[in-house]
Amino acid sequence: MTACAIEAAARDTAAARTGTTGTEPESAARPGITVTADGTYAARLAGTGEALFAERWTLDGPEPYAVPLPMDQPEEPEADVLPMADGRVLIRRRVAGRHTFSLLYPTGPGTGERLLGGLESARLTLVPPSPDGVCVYALTPGEASTGIWRVAGGAFGPEHVADVPGHCSGGVWLDRTGRMLALDRRPPGGGPVKAVAVDLERGGEVTPLLQITQDSHDRLLLADPDSGLLVIRSDAPGPGQGRLGWGVLGSLLPVRFPPCLWLPDAVLTPFAVQPGQVLTPESCAVALRIDGAAGSWLGVWRPSARRLHQLAAPEGWLAGGGVVSREGVLQLPYATGAVPCGVARMDASDVLLPAAATAPAQMERAGGEPCDGVGSPVVCRPVPLQQAPLTDHTARG
């Protein structure tokens with residue numbers, strides 16, 4: 001890791017612990033590769049120096065392989081790429097003050113490009129890949145509201161979907177259809193950041209999703225629609241502490257902040273969760289990227305185990321990228337000089353055994369462990385998917 005990278009990691013660590021204004025904690029862990037929601041494809045900017053190009057990875061075959069998608073001009077380092085379920089790659093470029101969008105795809109010896117149009121906005125961020133694999137959304141935060149745009153998957157290029165009052169960041173999908181999107185919102189005029197749910201099929205209807213205390217900054221980092229597991233970052237445990245906690249979608253029981261997920265000199269960011277654990281959030285394996293002054297490495301944690309297992313990352317790991325299979329196997333994309341496209345598979349079953357396997361008394365149920373230093377925290381009742389909006393915002397478990 002270079003001196004500049006170490007300095008940046010230190011700045012991001014401090015920002016993540018404050019949980020207040022300035023850089024959002026998630027920015028400390030921009031992944032080196034982005035994977036589709038179903039784990040089939042991935043995309044990244046490859047190359048060295050100024051010779052950058054989009055690259056698509058295929059992950060669902062017997063062996064992973066990469067297809068370079070170079071254009072006549074090299075890509076800028078600020079460009080964003082996002083894989084689509086059909087194998088195309090969306091790229092966002094900044095051109096003369098505008099954000100432009102195109103779909104790239106291999107065609108014979110070259111690269112095909114379908115132009116999608118552009119948007120004028122001072123700031124724009126892409127939302128993580130939609131579960132439907134077809135649509136791509138972007139956020140354009142402004143002074144009083146944040147625009148949500150469908151930049152791919154529509155009929156006529158970028159389409160305005162909704163305006164959400166306040167400054168929004170993040171983006172976590174709450175369902176498997178690409179309808180319910182959770183955003184971290186700062187209200188108009190200022191105030192603490194709270195996660196809200198946005199219904200994209202109802203004109204961007206906004207519903208409160210998470211409130212631990214009235215003054216805390218509560219951001220949603222990861223959600224698993226199968227089990228309902230939510231992983232959040234909040235400073236509710238104490239001023240200046242951006243702690244990781246977990247709760248359950250639709251539950252009124254308290255968010256818990258396990259002590260094992262607090263590392264004073266590092267930032268923990270969840271990037272993948274074990275799917276298929278229906279109605280059993282405590283058994284889900286969660287993969288975390290750990291960023292410290294020494295670099296980036298892996299963490300593996302289950303809510304029921306009460307332990308964070310720290311593991312060395314494979315050489316060349318594209319930090320923050322990867323998936324967890326239904327069987328609990330970590331699949332981590334990496335690139336080295338000898339292997340330009342590889343996936344390391346870690347059988348983490350030994351470190352992911354639930355606590356009940358060795359000490360039944362240690363098994364936890366949702367709401368069983370109070371938040372350290374907050375008294376009786378409250379999870380604002382999340383939006384029950386495909387049900388009416390919430391009506392009770394203050395009930396305690």
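First, the ground rules. The model is predicted: local features need pLDDT of at least 70, side-chain atom pairs count only at pLDDT 80 or more, and totals for chains, interfaces and linings use all residues. Residues are numbered from 1 along each chain as its sequence is written, and side-chain values use heavy atoms, with hydrogens and water left out.

The overall picture. The chain has one helix and 26 strands. Both are DSSP runs numbered from the N terminus: helices are H or I with at least four residues, strands are E with at least two. Of the 397 residues, 55% are buried. Buried means under 20% relative accessible area, exposed over 50%, partly exposed in between, with a 1.4 Å probe and protein chains only. Now contacts, meaning heavy atoms within 4.5 Å. Among those with a separation of 6 or more, 46% join residues 24 or more positions apart.

On to the sheets. Strands count as paired if DSSP finds at least two bridges between them. Inside it, S2 (residues 41-48) and S3 (residues 51-58) are joined by eight bridges. Thr48 faces Ala51 in S3.

A further open sheet runs S9-S10-S11-S12, also four strands and antiparallel. S9 (125-126) and S12 (159-165) each have a single partner strand, so one side of each lacks a neighbour in the sheet. Two bridges connect S9 with S10 (residues 136-141). There, Thr125 has Leu139 as its bridge partner.

Which brings us to the aromatics. How many aromatic pairs are there? Two. The rule covers rings of Phe, Tyr and Trp (its six-membered ring), with centres within 6.5 Å; planes under 30 degrees apart are stacked, over 60 edge-to-face, the rest tilted.

Take Tyr137 and Trp173. Their centres are 5.7 Å apart and their planes at 55 degrees, so the pair is tilted. Tyr137 sits in S10 and Trp173 in S13 (residues 167-173), so the pair ties together parts 36 residues apart in sequence. Tyr137 is buried at 4% relative accessible area. Trp173 is buried too, at 9%.

Then Phe271 and Trp317. This pair is tilted, at 5.8 Å centre to centre and 50 degrees between planes. Phe271 is in S20 (residues 266-273), while Trp317 is in the loop between S23 (308-311) and S24 (323-324), 46 residues apart. Phe271 is buried at 18%, and Trp317 is buried at 10%.
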